Amino acid sequence: MYLCFIVMLSMGPMFSPFEEPLYVMLKPAGAMCNLACEYCYYLEKSHMYNEGPKTLMSDSLLEHFVKQYIESQTTPNVLFLWHGGETMMRPLSFYQKALQLQKKYARGRMIDNAFQTNGTMLTDEWCRFFKENNWLVGVSIDGPKEVHNAYRQNRLGQPSFDQVMRGINLLNKHGVMWNAMAVVNDLNVKHPQEFYRFFKSIGCRYIQFTPIVERFATHEDGRYLATPDQKDCRLAQFSITPEDWGNFLCTIFDEWVRNDVGQYFIQIFDATLANWVGVDPGLCTMARSCGHAGVMEFNGDVYSCDHFVFPEYKLGNIRQNTLLEMMYGEKQQEFARLKQGSLPGQCRKCDYLFACNGGCPKDRFAQTVDGEPNLNYLCKGYHQYFKHVAPYMDYMKNELMSQRPPANVMKLFK
């Protein structure tokens with residue numbers, strides 16, 4: 001999904017808006033993972049279930065999901081999103097079976113697969129499978145070795161960078177299409193140029209930046225991530241500041257817009273341009289509404305969003321409820337409306353509301369200058385970024401509207 005969208009946006013002419021499909025991210029191994037990244041928001045989800053030490057999706061549930069997911073789509077293209085925990089905690093045979101089921105129930109539809117992994121368990125056999133079946137692979141990597149290893153370690157405290165790079169080299173060896181999912185934390189956010197140039201140095205042309213903003217709440221049985229509506233929670237030390245986020249984005253954008261448009265694809269830059277031209281962005285945090293992308297756990301429980309896997313956001317279970325009932329039901333529609341409905345007055349008056357749409361609701365725990373709640377914690381950084389990129393976005397929008405590639409923006413600097 002991400003690669004196809006940004007290639008059209010960054011290199012091709014103007015395109016028509018398309019009907020928005022239904023997405024449900026699949027967790028075939030629940031929160032199980034071979035790593036124990038310090039900032040991971042999903043490891044704690046294992047405490048929600050007491051169904052044994054292994055949270056593995058059954059073959060019967062897999063078939064039930066595949067059939068229903070395909071039948072629920074309103075477009076001829078169907079995208080399966082495999083996520084974790086760590087997706088490779090399931091053997092290759094599980095995904096080979098999934099592929100067989102997709103072919104069984106496709107009924108003429110085009111099926112695509114996107115697979116997110118930490119990359120440490122990749123082998124030649126896995127990479128051949130991805131290449132032969134045209135799967136898109138997302139690899140979690142946080143930049144140069146020292147920064148990556150600071151937070152991304154296994155349960156014994158051992159670093160993972162060398163294993164990830166070995167996996168990336170295998171993907172390149174087999175010609176697998178892959179992109180990087182890079183978490184922006186309190187360490188790498190201070191070195192944006194080094195961070196960006198690292199990805200270029202390893203031949204990565206598709207990069208997604210995910211800013212870390214996590215809060216903790218303390219309960220009698222330990223520390224847990226705060227639910228989005230909890231107040232007075234402690235911000236995790238690896239979270240970034242709004243000021244650093246703004247500087248990070250502006251610094252990388254300046255290098256990208258001068259040298260790399262049409263060659264390196266940064267998801268947030270392409271999503272910004274999408275909003276500038278009035279097309280739904282490929283980044284949910286910048287979309288006008290939430291709610292079209294849910295998540296299903298290993299046991300069939302469906303939740304409103306990957307960042308809202310809390311009991312109050314459970315929509316039902318696929319064994320008792322259909323995906324259509326859950327994803328288009330009133331509870332999910334209410335969740336979708338919250339994004340615009342809860343915006344503070346400061347956001348509604350902002351010149352860049354069309355570009356940011358208030359950001360991710362999970363980060364709306366700050367207050368406006370007038371003391372109004374529900375301001376996105378990263379607002380100041382986003383505002384700095386949008387103001388900085390506005391002239392270039394205007395130029396690229398004009399190029400797109402004139403059926404010319406937006407990469408022409410680089411001519412401004414020659």
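Colleague: What relative accessible area does Thr 251 have?
Modeller: This is a predicted model, with residues numbered from 1 along each chain as its sequence is written, and side-chain values use heavy atoms without hydrogens or water. Local features need pLDDT of at least 70 and side-chain atom pairs count only at pLDDT 80 or more, while totals for chains, interfaces and linings use all residues. Thr 251 belongs to helix H8, residues 242-259 (helices, H or I of at least four residues, and strands, E of at least two, are DSSP runs numbered from the N terminus). The residue is partly exposed (buried is under 20%, exposed over 50%, partly exposed in between, with a 1.4 Å probe and protein chains only), and its relative accessible area is 27%.

Colleague: Which residues does Thr 251 touch, leaving out those up to four places away in sequence?
Modeller: Gly 282 is 31 residues from Thr 251 along the chain, and their C-alpha atoms are separated by 22 Å. For contact (heavy atoms within 4.5 Å), the partners of Thr 251 beyond four places in sequence are Pro 192 and Gln 193.

Colleague: And Glu 399, is that residue buried or exposed?
Modeller: Glu 399 sits in helix H14, residues 379-401. Apart from neighbours within four places in sequence, Arg 404, Pro 405, Pro 406 and Asn 408 are in contact with Glu 399. With a relative accessible area of 5%, Glu 399 is buried.

Colleague: How far apart are N and O in the salt bridge of Glu 71 and Lys 67?
Modeller: Both residues belong to helix H2 (residues 59-72), and because they are 4 residues apart there, about one helical turn separates them. Glu 71 is partly exposed at 40%, and Lys 67 is likewise partly exposed at 32%. Their side chains form a salt bridge (a side-chain nitrogen of Lys or Arg within 4 Å of a carboxyl oxygen of Asp or Glu), with an N to O distance of 3.0 Å.

Colleague: How many residues apart in sequence are the parts tied together by Asp 124 and Lys 173?
Modeller: The side chains of Asp 124 and Lys 173 form a salt bridge at 2.9 Å, N to O. Asp 124 lies in helix H4 (residues 124-132) and Lys 173 in helix H6 (residues 161-173), so this pair links parts of the chain whose separation in sequence, in residues, is 49.

Colleague: Which helix does Lys 145 lie in, and which one holds Asp 162?
Modeller: Lys 145 and Asp 162 form a salt bridge, and their closest N and O atoms are 3.3 Å apart. Because they come from two helices, the pair ties together parts that are 17 residues apart in sequence: Lys 145 is in helix H5 (residues 145-151) and Asp 162 in helix H6.

Colleague: Which residues do salt bridges with shared partners join into one network?
Modeller: The whole structure has 15 salt bridges. Those that share partners build one network out of Arg 197, Lys 200, Glu 255 and Asp 260.

Colleague: What kind of aromatic pair do Phe 198 and Phe 199 make?
Modeller: The structure holds 46 aromatic pairs (rings of Phe, Tyr and Trp, the latter by its six-membered ring, with centres within 6.5 Å; planes under 30 degrees apart are stacked, over 60 edge-to-face and the rest tilted). Phe 198 and Phe 199 are both buried. Their ring centres are 5.2 Å apart and their planes meet at 70°, so the pair is edge-to-face.

Colleague: Which are the edge strands of the open sheet?
Modeller: The open sheet has 10 strands with mixed pairing, in the order S10-S6-S5-S4-S3-S2-S1-S11-S12-S13. Each edge strand pairs (at least two DSSP bridges between two strands) on one side only, and the two are S10 (265-266) and S13 (314-317).

Colleague: How many residues of strand S5 are buried?
Modeller: Trp 178, Ala 180, Ala 182 and Val 184 point one way from S5, while Asn 179, Met 181 and Val 183 point the other way, and all are buried. For strand S5 (residues 178-184), the buried count is 7 of 7.

Colleague: Which residue of S6 stands opposite Ala 180?
Modeller: S5 pairs with strand S4 (residues 136-140) in parallel over 4 bridges, where Val 137 has Trp 178 as its bridge partner. S5 also pairs in parallel with strand S6 (residues 206-211), over 5 bridges. There, the residue opposite Ala 180 is Ile 207.
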